[in-house]
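Reader: I'd like to learn how to read a fold like this one feature by feature. Could you walk me through it?

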Amino acid sequence: MANVVSLSHTALGSYSSRPIRASSNGVPFSKPKSGGPAILELPLNKIRRPLMRTRANDPEKVKELMESIRLIGLQEPIDVLEVDGVYYGFSGCHRFEAHQRLGLPTIRCKVRRGTKETLRHHMR
C-alpha cells in the first residue's frame with residue numbers, strides 16, 4: 001500500500017503535511033510499506049497536466065463519476081509524478097475533471113517521486 005499524508009494550507013500560503021488515518025471519503029488505508037508511493041490529498045490547482053490531450057474526456061463518463069464521487073467519494077486515486085516539488089498528473093483525467101466540475105478543492109493522488117529525466121521519458 002502507500003504512505004498516507006494530507007496537505008493542509010498554512011497561514012503563510014504554503015502547504016504542510018500531516019499523517020491521516022482515512023481517505024477523504026472515510027475509507028481507511030492499509031498500513032504503508034516503506035519505499036512505495038504516497039497517497040496525498042492535493043489541491044487541484046497544484047497538479048499540472050503535462051501531456052496534451054489527444055481527445056476530449058467523455059462527458060458521460062465525467063457525469064457518472066461526478067455522481068459516484070458525490071455519493072461515495074473517490075474510490076481510486078489519480079496517478080501523479082512529483083519532480084522537484086511540482087506535481088504532474090498522468091492518469092485520471094476523467095476523475096480530475098469530475099472533481100473540478102464538482103468544485104472540490106482537492107483530490108486524492110497516488111504520488112511517486114521522479115527525476116526530470118523520468119518526466120521527460122513520460123512526455124515522449
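Author: Here is a tour that goes from the overall layout to the strands, the core, the salt bridges and the cysteines. One caution: this is a predicted model, so local features need pLDDT of at least 70 and side-chain atom pairs count only at pLDDT 80 or more, while totals for chains, interfaces and linings use all residues. Residues are numbered from 1 along each chain as its sequence is written, and side-chain values use heavy atoms, with hydrogens and water left out.

Reader: Fine. How many helices and strands are in the chain?

Author: Helices (H or I, at least four residues) and strands (E, at least two) are DSSP runs, numbered from the N terminus. Here you get three helices and seven strands, in the order β-β-β-β-α-β-β-α-β-α along the sequence.

Reader: And what share of contacts with a separation of 6 or more links residues 24 or more positions apart?

Author: A contact means heavy atoms within 4.5 Å. In this chain that share is 76%.

Reader: Which way do β5 and β6 run, parallel or antiparallel?

Author: Two strands pair if DSSP finds at least two bridges between them. β5 and β6 run antiparallel and are joined by five bridges, with glutamate 82 opposite tyrosine 87 in β6. The hairpin they make has two residues between the strands, and there aspartate 84 takes a positive phi near 50°. Strand β4 (residues 47–48) also joins β6, through two bridges, and that pair runs parallel. Tyrosine 87 turns up again here, as the bridge partner of isoleucine 47.

Reader: Now the inside. Which residues touch the most other members of the largest nonpolar core?

Author: First the terms: buried means under 20% relative accessible area, exposed over 50%, and partly exposed in between (1.4 Å probe, protein chains only). A nonpolar core is a set of buried Ala, Val, Leu, Ile, Met, Phe, Trp, Tyr and Cys residues joined through side-chain atoms within 4.5 Å. The largest one has 16 residues, and Leu42, Ile47 and Cys109 touch the most other members. Two or more residues come from each of β3 (38–43), α1 (59–72), β5, α2 and β7 (106–113). Across the chain's 124 residues, 34% count as buried.

Reader: How many salt bridges are there?

Author: The rule asks for a side-chain nitrogen of Lys or Arg within 4 Å of a carboxyl oxygen of Asp or Glu. That gives six. Lysine 116 sits in helix α3 (residues 116–122) and aspartate 84 in the loop between β5 (78–83) and β6 (86–91), so the pair ties together parts 32 residues apart in sequence. Both residues are exposed.

Reader: What about pairs within a helix?

Author: Glutamate 97 meets arginine 101 at 3.9 Å, N to O; they are four residues apart in helix α2 (residues 93–102), so about one helical turn separates them. In α3, glutamate 117 and arginine 120 pair at 3.2 Å, and being three residues apart they are also separated by about one helical turn. Glutamate 117 is partly exposed at 42%, as is arginine 120 at 48%.

Reader: Last one: how many disulfides does the search find?

Author: A disulfide is a covalent bond between the sulfur atoms of two cysteines. The search takes a pair of cysteine sulfur atoms within 2.5 Å, and it finds zero in the whole structure. Cysteine 109 is buried at 0% relative accessibility, whereas cysteine 93 is partly exposed at 24%.
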